[in-house]
Amino acid sequence: MSDLTDRQPLLSPQPSPRSDVEIYRMWEIYKAVNARVKAGGEVVSLLVGEPTLPPPARAAEAAIRALSDGRTIGYTEALGMTRLREGIAQLYRQRHELDIPARRIAVTTGTSSGFMLAFMAAFEAGQTVAVAEPSYPAYRGALKAVNLVPHRLGTDASTGYRVTPAMIDALPAQVAGLVIASPANPTGTMLDAADLHGIVAACRRRGLWLIVDELYHGVGYGRPAATALAAGDDVIVINGFSKYWGMTGWRIGWLALPDRLVQRVEALTGSLQISAPTLSQIAAIAALDCDDEMRARVAAYARNRDALLAALPRFGIDNFAPPDGAFYLYADVGGFTDDSVAFCRRMLDETGVVAAPGVDFDTAQGHRFIRLSFCMDAAVIDEAIRRLEPWFRAQNRR
Ligand SMILES: Cc1ncc(COP(=O)(O)O)c(C=O)c1O
């Protein structure tokens, strides 16, 4: 008798093509940062979009209370705790005078799982989904992971990085949906109510699902952000507690869904995640009551934004759109380089200041852009400016 354990398989199983998602180039920079710190070097980081302050005081208190009460921190219903869903519905009434029933809100594990659930609920494997670029790079990876095909919809400074109805009309016939964000990462561009109405109408004409990432709502400089939900009940809106409330590690997001997707998302959540983290949901309910604290943080970001906006022309950078929201500046450094990764590496090596290369956000034009994040302490921003100004002035122009 032959010994099966000695036999080599004829074909060794291979990883799936759909898991072959891009690794952000930002991680290369991140590794260089860690190596620099390990070697005793200083780093002034404008790299990541993570607010550095502790969670809102009431949110932290609520979590501590839940733990010290000896409560069971078990699963919740798949769509989330009723009080949180109702609190989110109330937020839409307060912020937008909009009645979005709590039954249409699904609490998710960060917006990251929110957009996976939305993609799975709305699209069939193999369909093509347009993604406005520059944009948050994980949309592309997440689409690919569920066997969808991302289609780049490029925007640039000529429309203030906005998608227009004409661009939607011109999308190829096979496109089944569109992903946009407002305010957007990395540009900070915000779409106003009229822009959103136009985009929703164009998507309806084409029969496209529209997915709008509103995670940076609340982080704005001037007019308040409009929500795509005001333009209709057929839009999928994504939001969460990571940015305005600065609760990235708590992993709570939400979806505001058209009625026909609610049960689908509930079933998918049951199979994929059971529920979002319970302790974090308890903290999120309390965070909804922390507007004064959060507004003070946004005022601090506004001060950082102004300092960078004043500094960029002194660096010799003229092509940038002043961000309406979020906490990023997307700057054209094409006058200095056509390789934003190498540029960020050199900037780090020579000044200790680190920013994100544009290639992660825009697959076609990102080689000439960098993203500066400004959700850090004012002292970090001021130190970055102090170091970068002479460095930029000493760079050769192409
Ligand atoms: C536009 C945008 N959407 C979604 C996310 C993911 O956030 P989270 O999963 O923490 O909600 C980010 C993170 O930076 C982002 O910038």
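Author: The model is a predicted one. Of the 102 residues in its largest nonpolar core, Y92, L178, F241, W245 and F392 touch the most other members. Helix α10 (residues 291-315) gives the largest share of this core, nine residues.

Reader: Why is this core said to lie between domain 1 and domain 2?

Author: Domain 1 (21-50 + 292-393) and domain 2 (73-289) both contribute residues to the core, so it lies between them.

Reader: What is F241 in contact with, leaving aside its neighbours within four places in sequence?

Author: F241 is in contact with L84, L215, G246, M247, I252, W254, A284, A287 and L288, leaving aside its neighbours within four places in sequence. Another core, of 30 residues, lies apart from the largest one and includes V129, V179, I238 and V265.

Reader: What makes A89 a buried residue?

Author: Buried means under 20% relative accessible area. A89 has 3% relative accessibility, and therefore counts as buried. A89 belongs to helix α3 (residues 82-96). Its contacts, leaving aside neighbours within four places in sequence, are L98, I100, P101 and A102.

Reader: How far apart are A89 and F327 in sequence and in space?

Author: A89 and F327 are separated by 238 residues in sequence and by 25 Å in space, C-alpha to C-alpha.

Reader: Let us turn to the two domains. Which values describe the interface of domain 1 and domain 2?

Author: The area buried between domain 1 and domain 2 is about 2600 Å², and carbon and sulfur atoms give 56% of it. M294, D324 and F361 supply 23% of the area that domain 1 buries against domain 2, more than any other three residues. In terms of contact, 32 residues of domain 1 meet 31 residues of domain 2. The C-alpha centres of the two domains lie 26 Å apart.

Reader: Why is an accessible area lost given for an interface?

Author: The size of an interface is often given as the accessible area lost when the parts come together.

Reader: How many residue pairs are in polar contact across the interface of domain 1 and domain 2, both at pLDDT 80 or more?

Author: The rule finds 17 such residue pairs in polar contact across this interface. On the side of domain 1 that touches domain 2, the elements giving two or more residues are α10, β9 (328-332) and β12 (369-373). The largest share of that side, seven residues, comes from α10.

Reader: What makes the pair of D324 and R223 a salt bridge?

Author: A salt bridge requires a side-chain nitrogen of Lys or Arg within 4 Å of a carboxyl oxygen of Asp or Glu. The closest N and O atoms of D324 and R223 are 3.5 Å apart, and the pair forms a salt bridge. Across the interface of domain 1 and domain 2 the rule finds four salt bridges, while the structure holds 26 salt bridges.

Reader: Why are R297 and E293 said to be separated by about one helical turn?

Author: The two residues are four residues apart in helix α10, so about one helical turn separates R297 and E293. Their side chains meet in a salt bridge at 3.4 Å, N to O.

Reader: Which parts does the pair of R303 and D382 tie together?

Author: R303 forms a salt bridge with D382, with the closest N and O atoms 2.8 Å apart. R303 lies in helix α10 and D382 in helix α12 (residues 378-393), so the pair ties together parts that are 79 residues apart in sequence. R303 is partly exposed, because its relative accessible area is 35%. D382 likewise counts as partly exposed, at 34% relative accessibility.

Reader: Which residues are linked in a network of salt bridges?

Author: The network of salt bridges links E22, E133, R140, R152 and D362.

Conventions:
Residues are numbered from 1 along each chain as its sequence is written. This is a predicted model: local features need pLDDT of at least 70, side-chain atom pairs count only at pLDDT 80 or more; totals for chains, interfaces and linings use all residues. Side-chain values use heavy atoms; hydrogens and water are left out. A nonpolar core is a set of buried Ala, Val, Leu, Ile, Met, Phe, Trp, Tyr and Cys residues joined through side-chain atoms within 4.5 Å. Buried means under 20% relative accessible area, exposed over 50%, partly exposed in between (1.4 Å probe, protein chains only). Domain bounds come from an automatic or database domain assignment. Contact means heavy atoms within 4.5 Å. Buried area is the accessible area (1.4 Å probe) that two parts lose on being put together, summed over both. A polar contact is a pair of N or O atoms within 3.5 Å; within protein, one must be able to donate a hydrogen and the other to accept it, and residues adjacent in sequence count only if both atoms are side-chain atoms.
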